[in-house]
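Open the model in your viewer and keep the selection panel at hand. Each stop below gives a selection, then what is there.

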Amino acid sequence: MKYTIQNKLELFADNAQIIKKEFTWQNTLTKRLVALLYAQEGKTVDCEAIRQCHVLIKQNTGGFSAFRGNMALCVAALLSLSPIPQALFSETLAVYDLLKEAKLHASDFLAIAAYQIAAQSGALAYQHAVARTRSFYDGMKARHFFYTGQDDYIFGAMLGLTDLDPLAGTERIEQLYSRLKGEFWDKNSVQALAQVLVLGGSDDDAADRVLTLRDTLRAQKIKLDRAYILPVLGILALLPVTLDTIVRDIGAAQETLRAQKGFGPLSVATQELLLYAASIVAGNYAERVKDGVLTATLSTSITNIIIAQQAAMIAAISASTTAAASSS
């Protein structure tokens, strides 16, 4: 069945209500992320399958494993969407060990990066993908020591799974960063945006299209240029869709979501709402791209970016909550 943007928005809202009731004690942002992952696949959330995968994670990891952290429910959901969850998780753990051997630090972000590599490459390519992930990360760290952190593991893996040369790729990221850094306040998000745009190759117009799209959205009071959601602007800019169409559909998607149960202003912040609306719109466009390789790349990248940005938001909220509790 072909899902329209409207269909997916409604499915996402329905999924959010289902999972809210079934996983009462889980992080609210994580639950909405799971609802979105299922909606992007055009599926109603399968809580029983997620539970089984959550048990699978617990049975195969220690009490302090990153796989049991803030993103545990997300990993369980990703596994539940696979026809071979047990085999995929075994491979994910193997890749995770390789990433740690490459001196990347244990974290929620590394767990997701391990899943990315296991899900998108064969066992014979794991070592190669891990080495490339480390190369991209090192390249970014060398240029932006203070902005590059564990949240970049997911982007590093995303780039490591492409055919981009790490040296040329990081140089291109730096060029895009330099072009865009004066246009946006949050420099960490600008680096993430540059990492997304490099997926479009050597297109010299990519940065200009981002800025034009930003200004067109702003004219309609849609601010898709804030921290955590800026990388999605990059995906939209890479898609062969007119700017007016993008602006129209995101505005309509935002209004539709806001009207759904559980998505009112007191429940979901505007920034988070825009991340969901823009992600669903971008996913719908990606499915229409006739280039099969590009479609796969963009669709996968959208999922990775959603997870990366939600993971960063969850980590920031957790850190602020811990700090508040400590000060009390």
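Start with helix α1, residues 5–22, and helix α2, residues 28–40: they pack with their axes 8 Å apart, at an angle of about 140°. Keep in mind that this is a predicted model. The two helices are therefore oblique to each other, and α1 passes α2 in a right-handed crossing.

Now show the side chains at this contact. From α1, select Lys 8, Leu 11, Phe 12, Asn 15, Ala 16, Ile 19 and Lys 20. Colour them by type: nine are nonpolar, two polar and four charged.

Next, the aromatic rings. The whole structure holds six aromatic pairs. Select Phe 12 and Phe 263, an edge-to-face pair with 5.2 Å from centre to centre and 65° between the planes. Phe 12 sits in helix α1, while Phe 263 lies in the loop between α13 (243–258) and α14 (270–286). The two are 251 residues apart, so the pair links distant parts of the chain.

Is Phe 12 buried or exposed? Its relative accessibility is 0%, so Phe 12 counts as buried. Phe 263 is buried too, at 1%.

Move to Phe 145 and Phe 146. Their ring centres are 5.3 Å apart and their planes are at 90°, so this pair is edge-to-face. Both Phe 145 and Phe 146 are exposed.

Last stop: helix α4, residues 72–80. Nine of its nine residues are buried, among them Leu 73, Cys 74 and Ser 80.

Technical notes:
Residues numbered from 1 in each chain as written. Predicted model: local features only at pLDDT ≥ 70, side-chain atom pairs only at ≥ 80, totals over all residues. Heavy atoms only, no water. Buried < 20%, exposed > 50% of the residue type's maximum accessible area, 1.4 Å probe, protein only. Helix = DSSP H or I, 4+ residues; strand = E, 2+ residues; numbered from the N terminus. Axes fitted to C-alpha atoms, helices over the stretch in contact; angles between N-to-C directions. Parallel < 35°, antiparallel > 145°, perpendicular 65-115°, else oblique. Left-handed = near helix turned anticlockwise from the far one by under 90°. Contact = heavy atoms within 4.5 Å. Nonpolar A, V, L, I, M, F, W, Y, C, P; charged D, E, K, R; others polar. Phe/Tyr/Trp six-rings, centres within 6.5 Å; stacked < 30°, edge-to-face > 60°.
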